[in-house]
Amino acid sequence: MKFLDQQKIFIKSGDGGAGCVGFRREKYIEFGGPDGGDGGRGGSVIVECVENLNTLIDFRYQQHFKARRGGHGQGSNKNGKSAEDVILMVPVGTQIFEEDNEYLLGDLINPGQRMVLAKGGDGGRGNAHFKTSTNQAPRKAEDGWPGEEYWLWLQLKLIADAGLIGLPNAGKSTFLAAVTRARPKIADYPFTTLHPNLGVGYVDGSEIVLADIPGLIEGAHEGAGLGARFLGHVERCGVLLHLVDGTEDDVTNSYMTIRHELEEYGDILSTKMELVVLNKIDALTPDVVRQKKMALSEVSGQDVASVSGVAGTNLDSVLRDIFKSVKEFKKKNQAIEQYDNKTDKMDNKAQERNEADYE
Ligand SMILES: Nc1nc2c(ncn2[C@@H]2O[C@H](COP(=O)(O)OP(=O)(O)OP(=O)(O)O)[C@@H](O)[C@H]2O)c(=O)[nH]1
Ligand SMILES: [Mg+2]
């Protein structure tokens, strides 16, 4: 499946239908009175995020979305039909930006979440509404209200529990394939992975979503290689799993190259919880594994795990570590959210008090 993570689209909601000027005409009834119905509502354009999508590729092929206009009102008090809404399905993690691609309008993160992008115009009122004591036969009805139209950007930022990062060829995709049912492309040349892949692993029956992104190289934050374009996709991960290729001579250098890129990218990534893992230990002697683990432990200031994605060594225990960190992250996040809610409430109360003082 092709991957696309940003696309500009044009949307237009439907105009409202016009109200009708009509009069009751029946045998033996003189002056039947106004009976023009109202116009129907135009269709709205709505975006909804759904679970089983992880690309915006459909929007490469269709970029214009227009809802229909409402039906016009008719005589005999018949109101026009409201037009159907147009619903755009997007993956979880899609953000909506204004045409400048800077101002964020909405962030769709829960499956089923919806947002109205353009509201359909209301229908105009028919002449039945304009009857007054002095004007019993009004010839006035309203046009429908116009719909809205915009250019917008859709941007996908995948939501995973943990993001796999490392130099090209570190074995990220091999790891993802070994611990989940994802089947990314794997090969012994750099930049095999050209777009992010998601996979679901299981720890004691709980799901954990991993994202594999293209390898990062020095200068990635300035656009070198492919990785920087996809770093955004690990912004929302709780934890980073930093894989270091154990067959490299200088593993600390590999580690520092990636750390440097994360720092240049900004706090959002550089302060994220990171698990460091030495990979490809099937190709190393136990002595070398020990040495390289120690060296990595020294530069990263934390315990370093060692795995082999190919031989399947220690994968379970690393997955468990990821799970533990993800849980920790979620707990911390919840605490922050609760704190924010509480301070919001306090702010509201303070404001109410201020307003009361004012009165
Ligand atoms: N010996 C050994 N080789 C490995 C291991 N894991 C990955 N490899 C090999 O390393 C090469 C690169 O693996 P990938 O999984 O494609 O690496 P990647 O980090 O996804 O690379 P990019 O997508 O280019 O960033 C392949 O030839 C793999 O077979 C491992 O645990 N042991
Ligand atoms: Mg890869």
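This is a predicted model: local features need pLDDT of at least 70, side-chain atom pairs count only at pLDDT 80 or more; totals for chains, interfaces and linings use all residues.
Let me begin with a definition: Ala, Val, Leu, Ile, Met, Phe, Trp, Tyr, Cys and Pro count as nonpolar, Asp, Glu, Lys and Arg as charged, and the others, Gly among them, as polar. Hello, everyone. Residues are numbered from 1 along each chain as its sequence is written, chains are lettered from A and ligands numbered from 1 in the order in which they are written, and side-chain values use heavy atoms, with hydrogens and water left out.

Let's start with the open spaces. On a 1 Å grid over the protein atoms alone, a pocket is an open set of points with protein on both sides within 12 Å along at least five of seven lines, a cavity is a set where a 1.4 Å probe fits but cannot get out, and lining residues have an atom within 4 Å of a point. Points are joined across faces, edges and corners, and a volume is the space filled by probe spheres set on them. Helices (H or I, at least four residues) and strands (E, at least two) are DSSP runs, numbered from the N terminus.

The largest pocket comes to about 1100 Å³. It is lined by 38 residues, and those closest to its centre are Val92, Leu158, Ile159, Ala160 and Val209. Which elements each supply at least two residues of this lining? They are β10 (197-203), β11 (206-212) and α7 (315-358), and α7 has the largest share, with 5 residues. Sorted by class, the lining of the largest pocket holds 18 nonpolar, 10 polar and 10 charged residues.

Now for the second largest pocket, at about 320 Å³. Here 28 residues form the lining, with Asn169, Ala170, Gly171, Thr174 and Ala187 closest to the centre.

Buried means under 20% relative accessible area, exposed over 50%, and partly exposed in between, using a 1.4 Å probe and protein chains only. In α2, 7 of the 8 residues are buried, so the helix is largely enclosed by the rest of the structure. If you want to pick them out, they are Lys172, Ser173, Thr174, Phe175, Leu176, Ala177 and Val179.

Strand β12 gives the most, 4 residues, and both β12 and α4 supply at least two. By class, the cavity lining has 5 nonpolar, 3 polar and 1 charged.

On to helix α6, residues 286-300. The expected span of a helix is 1.5 Å times one less than its number of residues. For the 15 residues of α6 that should be 21 Å, and the end C-alpha atoms are 21 Å apart, so the two agree. Its buried residues are Val289, Lys292, Leu296 and Ser300. As a reminder, an α-helix has 3.6 residues a turn, so residues three or four places apart point the same way. On the other side of α6, Arg290, Gln291, Met294 and Glu298 are exposed.

What do the buried residues of α6 pack against? The partners are β12 (239-245), α4 (251-265), β13 (273-279) and β14 (305-306), where contact means heavy atoms within 4.5 Å. Just after the helix, Gly301 takes a positive phi of about 70°.

That brings me to two more backbone spots. Most residues other than glycine have a negative phi. Asp204, in the loop between β10 and β11, has a positive phi near 45°, and at 63% relative accessibility Asp204 counts as exposed. Asn314, in the loop between β14 and α7, has a positive phi near 60°, and at 37% Asn314 counts as partly exposed.
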